[in-house]
Every structure is written in C-alpha cells, then in structure tokens.
Amino acid sequence: MDTEPTDEQLLADITAADGRSLRRLLDRHGRYLYGIARTLTRNDAEAEDAVQETLVALLSAEFRGASSAKTFLVSILIRQAALIRRKRKWWLRIVPTYDEPPSRGTGHEQTVDAKLDLAALLDRLSPEHREVIVMRELQSMTYDEIAEALDVPRGTVESRLHRARQQLQQLWKQ
Amino acid sequence: MVMRANETKRNEWCDESHPTRTVNCLCEQDLHLLLDNEYPLERLQDAHAHLRQCPACEARLAELRMIGDIVRNAPLPTPAKAAIERWQRSFAHVQEQQVRRLASWMTAAASIVLAVSLYSAMSHQAVAAPPQLAEWEAAVIGIDSSAPDEQATAQWISTDLSRQQRAGSNNP
C-alpha cells in the first residue's frame with residue numbers, strides 16, 4: 001500500500017529530479033506560505049518572490065527536525081520576506097515615486113467586509129510588528145524562538161508584541 | 001542591574017492611571033506574558049488567583065485573547081492559480097543552474113588535476129631518463145640501442161667494463 005509521505009520526508013527528498021516531492025509540499029503548504037508572505041510584504045509580486053526564495057533556500061538549508069517542517073518553512077520565509085523588504089527600502093530611496101498598491105478596501109467596502117483577511121488586518125502595523133504577530137499568533141513560537149529567528153533580544157520581542165497588540169486593539173475598536 | 005532594567009520597562013508598560021486599577025492588578029506586560037504562556041512559573045499561581053477575583057484584569061486579558069483569535073481566524077490571502085506551477089518551474093530552473101555550475105566547476109577542477117599530473121609525469125621522466133648510450137658503445141657491445149631494455153643492459157655492461165678497466169689500471 002502506498003502511504004502518504006510526511007512533510008519531513010518530502011523536505012529530505014525535495015531535490016528529486018521528478019519534482020514530485022516539491023509539488024506535494026507546495027500542495028500542502030504553498031497557499032499558507034503565500035498567505036504569510038503576502039501579509040508580511042503587502043505586495044503580491046513580492047509575496048510570490050518570497051515563497052520562491054524560500055524554496056531556493058531549501059536547496060542549501062538543512063532541516064534538523066528541531067521544529068515541524070511547516071515551522072521550518074515559515075521561519076525561512078520570514079527571513080526571505082525581510083530581505084525583500086530591505087531591498088525594497090533600498091529601491092525606494094532611488095525611485096521615490098514607487099507606491100505600494102492598496103491591499104485593503106476603503107470606506108463602505110471596508111465596513112461591509114467584516115471578515116478582513118490577515119493581510120488587511122495587519123496592514124497598518126509596521127513590518128516589525130507584523131512579523132512578531134505572525135510568529136506568535138500563527139506559528140505559536142515562544143519569545144525565545146522569535147528572538148532567535150529575528151536576531152533581536154527577547155525584550156525587543158516582548159515590547160514589539162505588546163505594541164502590535166495595542167495597535168490592533170485600537171484599530172479593532174475604531 | 002538586569003533586574004532594575006526589567007523593572008523600569010515593566011513600570012513603563014503598567015498603566016498606573018487605569019481607573020479600576022488596584023495595587024495588586026496585573027500590569028500590561030503581565031497580561032501579555034500570561035497570554036503567551038511566558039509568565040514566570042513561581043508567580044503563576046498568584047496571577048491566576050488574582051484573575052479569579054478581579055473582573056477588570058480578567059476582562060483585559062479576555063480582550064487581548066480576542067485580538068489573538070481574530071488574527072488566527074482571519075483568512076489568509078490566496079495566491080494566483082498559476083503561482084504553484086510558477087514556483088515549481090522556477091525551482092527546477094534554479095536546481096538545473098546549480099547542477100550546471102557544479103558540473104563546470106568539476107570540469108575545471110578535473111582539467112587542473114590532469115594538467116598538473118601531466119606536467120609532473122613529464123618532469124619526472126626528464127629527470128629519471130637514463131643517459132643515452134653513445135652509438136660506438138652500443139656497436140662495441142653489439143646490441144640494438146633503440147630498444148629500451150637492451151639499452152639498459154648495455155648501460156650496465158658499459159659501467160661494469162669501465163669499472164674493471166679502472167681496477168686493472170690500479171693493480172698492474
């Protein structure tokens with residue numbers, strides 16, 4: 001009987017020539033990864049790039065099994081999204097007319113659409129605050145894990161989370 | 001010093017002016033730590049005891065929890081239909097490029113190894129080659145000087161003869 005391979009097996013076999021492992025992994029987590037990337041980057045093209053770069057990074061990254069495969073993928077994705085964001089900042093200095101497309105409805109449309117998607121919900125947070133919210137609320141990462149992933153002190157994680165939640169509370173009350 | 005720094009941060013976050021706040025009320029930082037299961041274990045029981053008897057703190061914690069629920073339950077943006085195919089194609093392309101790069105590096109390395117080996121072999125041959133036997137010596141001994149084995153034998157005979165000659169001249 002042909003048993004369904006685990007995520008870990010698929011990760012180990014991702015370079016297989018027929019691409020079947022990659023396809024399966026993408027079928028399982030591609031949409032989720034894109035959703036996180038889109039939330040972090042606020043831009044469709046950059047979100048697709050972030051997922052793409054995450055897959056490429058898998059060719060040189062080693063999965064040690066310390067966390068689930070999904071968490072492993074998301075932690076790479078968050079790093080790639082941050083790199084893309086930094087590149088974009090560099091471009092913004094050269095091309096000041098560049099404008100991010102609005103990802104959220106305005107006026108009537110916004111009030112009617114009660115169930116905003118995550119990207120729209122976190123749209124007004126700074127990138128640093130979005131990162132910690134995603135890592136904590138969606139990935140259930142501990143403060144220490146977040147601090148390690150973002151390479152910041154634990155105290156910074158605490159204060160960012162605190163401010164991010166405060167902002168979300170205020171936005172929700174508005 | 002660390003404790004003092006943490007204490008300062010803690011006080012910054014605590015909303016002392018909150019109208020319903022009592023001395024024992026949990027500050028904002030405490031609520032976040034509780035929510036995220038990061039609250040110090042030694043104080044956890046006290047915090048829960050306080051929450052049971054303080055509706056204000058309980059309500060603040062519930063509000064924070066609700067924000068987390070909203071984030072967790074918000075639908076994720078979905079990719080374009082063709083995105084997964086694009087990612088797969090692009091991944092295969094990058095993989096192929098890496099294999100090609102590796103192959104070219106290996107070819108270059110193999111060429112260098114071959115060149116070094118050839119050079120080494122040639123220089124060794126130049127050093128180790130026995131001195132050519134003079135034609136007249138070969139003719140005297142009566143061997144074919146072009147055959148390498150015979151040349152070596154002739155060389156040996158020639159050396160031996162000259163040694164005998166030297167010995168003869170020393171003992172008349």
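How many residues of chain A are in contact with chain B, and how many residues of chain B are in contact with chain A? The legends below begin with this interface in the predicted model.

**Figure 1. The contact between chain A and chain B.** In this predicted model, 38 residues of chain A are in contact with 30 residues of chain B. On the side of chain A that touches chain B, the elements giving two or more residues are α2 (20-41), α3, α6 (118-121), α7 (127-138) and α9 (154-173) of chain A. Of these, α2(A) gives the most, with 10 residues. By residue class, this side of chain A comprises 18 nonpolar, 10 polar and 10 charged residues.

**Figure 2. The largest nonpolar core and the surroundings of A:V51.** The largest nonpolar core contains 51 residues. A:A37, A:V51 and A:L77 are the residues with the most contacts inside this core. Leaving aside residues up to four places away in sequence, A:V51 touches A:G30, A:L33, A:Y34, A:A37 and A:L77 from its own chain, together with B:W87 from chain B. In soluble globular proteins, nonpolar side chains tend to be buried together.

**Figure 3. The helices of chain A.** Chain A has nine helices and zero strands, and from the N terminus its elements follow the order α-α-α-α-α-α-α-α-α. Of the 174 residues in chain A, 35% are buried. Where contacts in chain A link residues at least 6 apart in sequence, 57% of them join residues at least 24 apart.

**Figure 4. Confidence along chain A.** The mean pLDDT of chain A is 80, and 82% of its residues score at least 70. Confidence in chain A is highest in helix α3 (residues 44-58), at a mean of 91. It is lowest in helix α5 (residues 107-112) of chain A, where the mean is 37. Over residues 96-114 of chain A, pLDDT stays under 50. For residues 96-114 of chain A, the model has 14 contacts beyond four places in sequence.

**Figure 5. The helices of chain B.** Chain B contains seven helices and zero strands, arranged along the sequence as α-α-α-α-α-α-α. Buried residues account for 10% of the 172 residues in chain B. Among the contacts in chain B with a separation of 6 or more, 32% are between residues 24 or more positions apart.

Methods: Residues are numbered from 1 along each chain as its sequence is written. Chains are lettered from A and ligands numbered from 1 in the order in which they are written. pLDDT is the predictor's confidence in each residue, from 0 to 100. Helices (H or I, at least four residues) and strands (E, at least two) are DSSP runs, numbered from the N terminus. Two residues are in contact if their C-beta atoms, placed from the backbone, lie within 7 Å. A residue is buried if 20 or more other C-beta atoms lie within 10 Å of its own, exposed if 12 or fewer, and partly exposed in between; C-beta atoms are placed from the backbone. Ala, Val, Leu, Ile, Met, Phe, Trp, Tyr, Cys and Pro count as nonpolar, Asp, Glu, Lys and Arg as charged, and the others, Gly among them, as polar. A nonpolar core is a set of buried Ala, Val, Leu, Ile, Met, Phe, Trp, Tyr and Cys residues joined through C-beta atoms within 7 Å.
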